Amino acid sequence: MTPAGRGPLVAVRDLTVRFPTRHGVVEAVRGVSFRVERGQVVAIVGESGSGKSVTARGLVGLTGEGARVGAAELTFDGVDLRQVRGRAWRALRGRRVGFVLQDALGSLDPLRRVGAEVAEPLRAHRIVPGRQVDAEVVRLLGEAGIPAPESRARQYPHQLSGGLRQRALIASALAARPDLLIADEPTTALDATVQRQVLALLRERVDDGTAVLLISHDLGVVAEIADHVYVMKDGRFVEDGPAAAVLESPSHPYTKTLVGAVAWHGRAARPGRASPAGPEDVGPGNAGTAREVLRAEGLVKRYTLPGRGEFTAVEDVSVTVRAGETLGVVGESGSGKTTLGRLLMGLLEPDAGRVLLDGRPWDGLRGPARRAARRGVQMIYQHPLSSFDPRYTARQILEEPLRADRAPREERDRRVALLLEHVGLAPDVLDRRARELSGGQRQRLAIARALAPGPQVIVCDEPVSALDASIQAQVLDVLADVQERLGVAYVFVSHDLAVIRRLSHRVMVMKDGRVVESGEMEKVFDHPEHPYTKALIDAVPRFASRFRRVSRGAGVTGA
């Protein structure tokens with residue numbers, strides 16, 4: 001055993017993780033080795049299902065029941081983790097090892113206020129005196145980039161946006177000032193400006209000696225902060241080295257594929273397509289003359305928050321969407337963009353203003369007329385797994401809206417096959433449930449489900465933020481192809497400016513519930529006028545220019 005405080009903080013040699021299944025044993029991690037030094041950021045990158053999250057969970061005994069974990073060496077600060085059990089884990093987790101999970105809504109207790117969640121490690125590990133806990137909670141939430149932290153601390157997780165929940169989870173993980181922070185996709189739900197703030201916070205902790213094991217599909221984030229990178233495929237490391245060397249000059253074909261799939265900030269049009277801002281690329285018609293399918297006029301939505309009085313989520317927002325075009329809606333978490341999407345869907349009633357579908361307002365539709373109109377506007381959610389009935393197979397998910405048409409079995413089969421063709425899914429997925437599909441397959445299924453009723457408009461709420469770069473690029477191509485074939489319009493809500501730039505014809509920028517800038521995509525991105533828009537664009541990690549700092553992990557290898 002290595003004495004505590006000497007040698008690497010984390011040492012892993014020949015780690016394997018196996019899971020028994022109905023079809024035999026699945027080897028999720030296959031003999032990986034790595035080290036993490038104090039004050040270093042080590043990143044593990046790879047596609048969904050490559051084994052990177054399982055590797056991180058294997059360090060802290062969170063692989064789940066039935067998992068078989070083996071290693072020739074598995075130590076944390078000299079402690080042999082292979083021998084840790086029960087109470088010993090509780091002494092390590094939270095206090096010495098913090099863990100930030102990607103799914104903040106599933107990680108935060110829905111019955112506890114956010115402040116209580118952040119206070120738990122402070123009280124459990126006696127980080128500060130009891131009388132100082134509330135003040136420390138507010139400080140931690142503010143440090144993680146949460147506005148009005150005193151009020152947010154009194155809210156429940158479901159009352160926060162996805163980005164605010166993720167920041168609360170980061171505050172909770174950092175509360176006990178751990179020696180090691182395992183961060184599994186910690187910035188996926190964050191917009192560019194908050195992402196930069198959180199990365200700066202992590203870098204400050206690293207400079208103070210905290211080590212970070214970063215799991216991420218976002219190579220821009222990895223390039224921004226990582227010292228050493230391990231590239232994972234099918235449970236193995238296929239390449240590793242200093243971040244600059246691996247990301248600037250990858251040697252393995254798989255690494256080259258990952259780097260090539262990055263949604264570059266200055267992206268070009270897809271092969272065979274005109275520039276996305278050009279009128280010839282707007283579905284079946286010209287964007288300026290195509291039929292108007294959705295209009296919102298002067299929308300206002302207010303909420304009452306504990307201790308804050310009234311909060312305006314959307315203030316005097318007007319929107320026009322024409323057939324076959326994509327309207328990108330961007331802004332920080334809490335800017336009102338998701339609320340706007342729900343208002344357009346008719347899932348929320350505005351306090352003022354109205355939404356018109358084909359010239360008819362939502363509030364003028366009742367009963368069967370409203371249900372029929374809703375088929376014309378569908379939604380793709382950020383986390384499709386939580387929006388699907390877990391008991392349904394893919395076939396049942398796609399057939400559900402088709403049964404309303406009372407089409408015969410043969411017609412339903414024909415339409416399901418056509419939906420699969422539109423999104424590039426093989427027929428063999430039809431008898432599998434959503435949890436048995438990969439992230440990319442689930443998102444394609446979500447697109448097919450949204451297309452099933454034959455909508456004119458699809459509201460896309462962060463539909464690719466949880467996907468790695470290569471799958472993200474594939475899904476965006478599917479959306480573009482569907483638009484070209486069917487002329488469907490998209491309202492595309494995202495904090496990822498590179499994604500917005502890739503797909504949108506026009507862009508709206510929202511801040512504090514208002515639209516501060518709008519226009520053609522190229523004009524907004526290349527010649528932004530509002531200071532806030534300029535700040536958003538400036539905050540996007542520029543992948544190619546990240547390596548001006550000297551990587552401090554040059555001497556670490558995976559052997």
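This is a predicted model: local features need pLDDT of at least 70, side-chain atom pairs count only at pLDDT 80 or more; totals for chains, interfaces and linings use all residues.
Residues are numbered from 1 along each chain as its sequence is written, and side-chain values use heavy atoms, with hydrogens and water left out.

Six strands form an open sheet in the order E17-E18-E19-E14-E20-E21, with mixed pairing. Strands are DSSP runs (E, at least two residues), as are helices (H or I, at least four), numbered from the N terminus; two strands pair if DSSP finds at least two bridges between them. At the edges lie E17 (377-380) and E21 (514-520), each pairing on one side only. Within the sheet, E14 (residues 326-331) and E20 (residues 506-511) run parallel and are joined by five bridges.

The aromatic rings provide a second theme. Rings of Phe, Tyr and Trp (its six-membered ring) pair if their centres lie within 6.5 Å; planes under 30 degrees apart count as stacked, over 60 as edge-to-face and the rest as tilted. By this rule there are three aromatic pairs. Phe34 and Phe237 form an edge-to-face pair, 6.1 Å centre to centre with 70 degrees between the planes. Because Phe34 lies in strand E2 (residues 24-36) and Phe237 in strand E11 (residues 236-242), the pair ties together parts that are 203 residues apart in sequence. Phe34, Tyr230 and Phe237 form one aromatic cluster.
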